[in-house]
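Visitor: Could we go through this model together, beginning with the terms and then moving to the details?

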Amino acid sequence: MRFFATLVILLGYWFLLSGEFTPILIVLAIISSIIVSSLTKDLFFPEKVNIKLIFKIFLYVPWLFWQIVLANIEVFKILIKPKLDIDPSMVEFEPMVKSDIGITLLANSITLTPGTVTIFADRDHFFVHALGPQFAEGLSGGEMEKKILEIEKYL
């Protein structure tokens, strides 16, 4: 059942993006979707689904996008000033998240947020470059890390 559901999703996505319906392309789409579905049927439909984890992720993603918008506004404010008002710094902190997925999610979320770039991340240390103190203030034990800790509980 997971194979067929994955096949339908892939074919639907292919037809949505392609917009081409010639016989050769339809046959190639079916063949490639069958191959990919057989290899990745667990990607969309794992055997065990954790509803709470999915719910937490669906809450986190819009929040992260909003943080990206807010950070973009802060960077824009810096850029429109005649004198660049930046005070770059390297911030080191010990993360509260300890799982590989939690560390990866935190590092990528920090890097996606304008004004900060994760330079190094592991279970014991994070090194983050920040454009200024307003970007560095919420890194260690901030709201982002607390939200990822909530997600990490259900991994």
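Guide: A contact, or touch, means heavy atoms within 4.5 Å. This is a predicted model, in which local features need pLDDT of at least 70 and side-chain atom pairs count only at pLDDT 80 or more, whereas totals for chains, interfaces and linings use all residues. Residues are numbered from 1 along each chain as its sequence is written, and side-chain values use heavy atoms, with hydrogens and water left out.

Visitor: Which residues does Lys146 touch?
Guide: Leaving out residues up to four places away in sequence, Lys146 touches Met96 and Gly141. Lys146 itself belongs to helix α6. Helices here are DSSP runs of H or I with at least four residues, numbered from the N terminus.

Visitor: Which residue meets Glu150 at 3.5 Å?
Guide: That is Lys56, whose side chain forms a salt bridge with Glu150 at 3.5 Å, N to O. The pair links distant parts of the chain: Glu150 is in helix α6 (residues 143-152) and Lys56 is in helix α3, 94 residues apart.

Visitor: Is Lys56 buried, partly exposed or exposed?
Guide: Lys56 is partly exposed, because its relative accessible area is 24%. The class boundaries are under 20% relative accessible area for buried and over 50% for exposed, with partly exposed in between (1.4 Å probe, protein chains only). Glu150 is also partly exposed, at 29%.

Visitor: What else does Lys56 touch?
Guide: Beyond four places in sequence, Lys56 touches Ile151 and Tyr154 as well as Glu150. By contrast, the C-alpha atoms of Lys56 and Phe120 are separated by 26 Å, the two being 64 residues apart along the chain.

Visitor: Which residues are linked with Lys56 in a network of salt bridges?
Guide: Glu150 and Lys153 are linked with Lys56 in such a network. Lys153 pairs with Glu150, their closest N and O atoms being 2.9 Å apart. Lys153 is exposed, with a relative accessible area of 56%.

Visitor: What about Lys77 and Glu74, where do they lie?
Guide: Both lie in helix α3, three residues apart, which is about one turn of the helix. Lys77 is partly exposed at 43% relative accessible area, and Glu74 is partly exposed at 30%.

Visitor: New topic: at what angle do α3 and α4 pack?
Guide: Helix α3 (residues 51-80) and helix α4 (residues 100-112) pack at about 35°, with axes 9 Å apart. Axes are lines fitted to C-alpha atoms, for helices over the stretch in contact, and angles run from 0 to 180 degrees between N-to-C directions.

Visitor: Which residues meet there?
Guide: Tyr60, Leu64 and Ile68 of α3 meet Leu105, Ser109 and Leu112 of α4. By class, this contact has five nonpolar residues, one polar and no charged. Ala, Val, Leu, Ile, Met, Phe, Trp, Tyr, Cys and Pro count as nonpolar, Asp, Glu, Lys and Arg as charged, and the others, Gly among them, as polar.

Visitor: Which helix gives the most to the lining of the largest pocket?
Guide: Helix α3 does, with five residues. At least two lining residues come from each of α3, α4, α5 (133-136) and α6. The lining comprises nine nonpolar, six polar and three charged residues.

Visitor: And is Ala136 buried or exposed?
Guide: Ala136 is buried, with a relative accessible area of 15%, and is found in helix α5. Leaving aside neighbours within four places in sequence, Ala136 is in contact with Val91 and Ala130. The C-alpha atoms of Ala136 and Ile54 are separated by 29 Å, with the two 82 residues apart along the chain.

Technical notes:
Salt bridge = Lys/Arg side-chain N within 4 Å of Asp/Glu carboxyl O.
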